[in-house]
Amino acid sequence: MVKDGKNAGLVIAAEKSSAITTVQVDTSAGEVKAVYKFVPLLNKYIEIINTVVIDKNTITLPTQANATYVAAADKLATSNVISEGWAKVDNSWYMVDKTGNPLTGWQKDSTGWVYLSLTNAAMQTGWKQDGAKWYLLNNNGYMATGWVKTGDKWYYLNSDGAMASNTTLDGYIIGSDGALV
């Protein structure tokens, strides 16, 4: 909502996500040009584009329970805004959906598979145990496959990324720790 020439937040409490909400807007300080949703985990905003209808005195949009939305007379500074896809915030990478929700767990994009922390949604690197299986996430976050060298040891990661162990591949013996014997 625009008030006294400044952007002011509006908390919309919906009974469930994706409820359609219509809000009256005070346009005395200017016409609303954009609507943003605040993403608390990242301390950033994402512009709501395709699902918002801005009329002269109302805004209609799908809402999430207890989310904060900002109707703005001017676009917010790009340093405060993220977009759908990858976002780097405070030296960590996050993958967000079109409504700004950070994704968690295993996610696949056009490059490959990544793992995003279940607790803080940040992209993970290094060895990751998932159940009884081990995976190696490269420095760029993407899951490794094939032969890889870590330190002074070689490992084989199957096509699904799971580390091979207790087996023989192409005549090479792989031990219980997954390292080439």
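Okay, let's start with Lys153, which is partly exposed at a relative accessible area of 37%. Keep in mind that this is a predicted model.

So what does Lys153 do with its side chain? It meets the side chain of Asp177 in a salt bridge, 3.8 Å from N to O. The two ends come from distant parts of the chain: Lys153 is in strand S17, while Asp177 is in the segment after strand S19 (172-174), 24 residues apart. Asp177 counts as partly exposed too, with 42% relative accessibility.

How many salt bridges does the structure hold? Three. Let me go through the other two.

Next on my list is Asp160 with Lys133, where the closest N and O atoms are 3.9 Å apart. For those of you who care about cut-offs, a salt bridge here needs the nitrogen within 4 Å of a carboxyl oxygen. Asp160 sits in the loop between strand S17 (153-157) and strand S18 (167-169), and Lys133 is in strand S15 (residues 133-137), so this pair ties together parts that are 27 residues apart in sequence. On accessibility, Asp160 comes out at 40%, which makes it partly exposed, and Lys133 is partly exposed as well, at 42%.

Then there's Glu47 with Lys75, and here the closest N and O atoms are 2.8 Å apart. Again the pair links distant parts of the chain: Glu47 is in strand S5 (residues 44-48), and Lys75 is in the loop between strand S8 (67-72) and strand S9 (81-82), 28 residues apart. Is Lys75 buried or exposed? Exposed, at 55% relative accessibility.

Okay, back to S15, the strand that carries Lys133. What is S15 joined to? Strand S14 (residues 126-130), through five bridges, with the two strands running antiparallel. S14 and S15 form a hairpin with two residues between them.

Last thing, the surface. Which residues make up the nonpolar patch? Trp147, Trp154, Tyr172 and Leu180, with about 380 Å² of accessible area together. Of those, let me pick out Trp147, whose place is in strand S16 (residues 146-150). Trp147 is partly exposed, with a relative accessible area of 32%. Patch members need over 30%, so Trp147 qualifies at 32%.

Technical notes:
Residues numbered from 1 in each chain as written. Predicted model: local features only at pLDDT ≥ 70, side-chain atom pairs only at ≥ 80, totals over all residues. Heavy atoms only, no water. Patch = residues over 30% accessible without salt bridge, like charges linked within 9 Å, V, L, I, M, F, W, Y side chains within 5 Å. Areas by Shrake-Rupley, 256 points an atom, 1.4 Å probe, with all protein chains shown as cover. Helix = DSSP H or I, 4+ residues; strand = E, 2+ residues; numbered from the N terminus. Buried < 20%, exposed > 50% of the residue type's maximum accessible area, 1.4 Å probe, protein only. Pairing = 2+ DSSP bridges.
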